[in-house]
Amino acid sequence: MPKVLIVECMQEISSFNPLPSEYENFHVERDGELYAQRGLNTAIGGALSVFEASPDISLVPAIGARAGSAGLLSAHGWQRLSTEILDAIKTRIDNVEGIYVSLHGAMGADGELDPEGYLLSEIRRMVGPDMPIVISLDLHGILTDRMLRQIDGLAIYHTYPHVDFADTGERAARLLMALLQGGRRPVIARAVIPALVRGDELITRSGCYGDLIRECQRIERDGTAMAAGIMIGNPFTDVPELCTQVLVMTDGDESVARREAERLAQEFWQQRFRMQGKLIPLDRSIAQASTIDGPVVFTDAADATSSGATGDSNIILKALRDAGYRKRILAQIVDPSAAAEAHKAGVGATIEVTLGGFYDKTRFEPMPVRAEVQSLSNGRSQLETMKISLDAGPTAVLTFDNFTVVVLTRTVSLFDRAMYYSNGLDPQDFDLIVVKSPHTEHHMYDGWVEKNFNIDAPGATSANLKSLGHTICARPMYPLDEIVEFVPTSSIYPR
Ligand SMILES: [Zn+2]
């Protein structure tokens with residue numbers, strides 16, 4: 001009965017977030033604690049459902065570490081995290097025959113800009129060249145040459161906004177089981193595209209990126225490829241191999257892997273202009289929103305905590321106040337000091353605090369408000385789709401004028417309605433809702449609002465990619481540079 005070792009290490013960072021991540025950002029699960037993901041829409045959850053349905057597999061859950069998106073991981077944090085992960089593997093590796101590693105792919109640490117590559121190369125060193133290692137990745141990950149040289153197979157998310165976490169884990173698990181049966185000669189073709197993309201065309205349900213992903217799914221289904229995907233990278237993770245890339249894995253057929261990877265890369269390249277953020281100036285958005293009857297969303301992708309921003313931008317709140325917008329506004333903001341003041345004062349109290357500009361001081365200036373403490377909570381919630389727990393720390397709902405603002409102590413993902421719901425608020429009760437996310441699942445907002453404005457605002461995860469100031473990724477890179485040439489070629493990674 002083959003023993004399969006399971007490991008997870010997931011984080012996505014924005015190099016433009018001034019606040020470093022620490023070891024404490026990670027939720028670490030050891031041994032059987034990983035089974036807590038059974039039945040969840042996570043990669044591990046999906047992989048478990050496949051492995052546990054197979055009487056031929058016995059599982060060795062080793063360690064899982066998962067952190068919300070944030071700034072670059074500190075050198076000390078990475079040292080501790082990587083040591084714990086590798087030690088956990090080392091002590092459980094006896095008699096293991098295959099390894100599944102659930103990764104995001106967009107980590108970055110001070111002194112190690114390819115953390116996943118380091119982990120995989122250390123695991124490979126431990127187990128030798130013959131043991132199959134299969135990984136799963138977020139399509140926003142940066143799959144590096146060093147990672148590709150260690151692995152036997154991969155599965156990549158096929159949806160954005162992501163809803164196929166478990167499905168990706170299932171594909172990874174099935175791939176590993178196929179490799180464990182032997183007789184396969186996995187070969188991966190990688191076609192790198194010098195482009196960074198953003199915007200609505202990346203929504204796989206409706207955008208042109210989705211059409212290309214459906215080609216990846218088609219060649220997986222019809223047996224052309226064992227796995228295929230297009231990773232667009234996280235444009236905010238400024239690391240040497242940041243890029244868009246097509247990955248096609250076949251069973252021994254190098255020329256088909258190359259052909260498909262290069263074909264999809266060429267098609268992607270031709271559409272790069274469409275896949276850019278279309279942002280609307282804030283003053284124009286407010287003017288339009290004031291004349292629209294139905295509810296509207298102001299999407300603040302520049303302060304998207306799920307992409308690695310701090311969550312303390314008050315740019316939209318300030319502009320709404322300055323413009324004298326009168327309808328009911330709902331928003332969220334990270335501000336530990338205001339949350340603490342509210343908890344000290346208690347429900348019903350009126351407090352004078354500032355909101356925002358707590359971490360990202362160069363971009364945001366604190367905004368003074370005189371607010372009533374409407375309610376208080378411990379900031380615990382669960383993401384709507386993944387059911388992963390959120391812990392924003394002491395949280396307060398503050399109201400002032402026509403504003404209702406959920407004030408969080410810690411930065412957590414805000415792309416769904418979880419933190420609103422858990423603080424007793426329903427976005428449908430408001431006229432203008434600020435969402436700190438690049439996009440949301442359709443039913444959460446877009447399905448019932450009159451218009452969703454993608455606001456042009458400063459921030460560590462702005463869709464205006466040129467505004468960020470990349471210094472590390474390979475150049476030239478579209479759209480950071482004026483002239484970028486592209487001829488599709490692929491590198492081959494055989495095992
Ligand atoms: Zn992602």
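Trainee: What makes strand β12 (residues 329–334) and β19 a pair, and in which sense do they run?

Mentor: Two strands pair if DSSP finds at least two bridges between them, and β12 and β19 have 2 bridges in the parallel sense, with L432 of β19 as the bridge partner of I329. This is a predicted model, in which local features need pLDDT of at least 70 and side-chain atom pairs count only at pLDDT 80 or more, while totals for chains, interfaces and linings use all residues. Residues are numbered from 1 along each chain as its sequence is written. Strands are DSSP runs of E with at least two residues, helices runs of H or I with at least four, numbered from the N terminus.

Trainee: How do you know that β11 (residues 296–299) pairs with β19 as well?

Mentor: Strand β11 and β19 share 4 bridges, again in the parallel sense, and one of the partners is I433 of β19 for V297.

Trainee: Why are both faces of β19 (residues 432–435) called covered?

Mentor: A residue is buried if 20 or more other C-beta atoms, placed from the backbone, lie within 10 Å of its own, exposed if 12 or fewer, and partly exposed in between. L432 and V434 on one side, and I433 and V435 on the other, are all buried, and both faces are covered.

Trainee: What makes helix α1 (residues 43–53) largely enclosed?

Mentor: Of its 11 residues, 8 are buried, so the rest of the structure largely encloses α1; among the buried ones are A43, L48 and F51.
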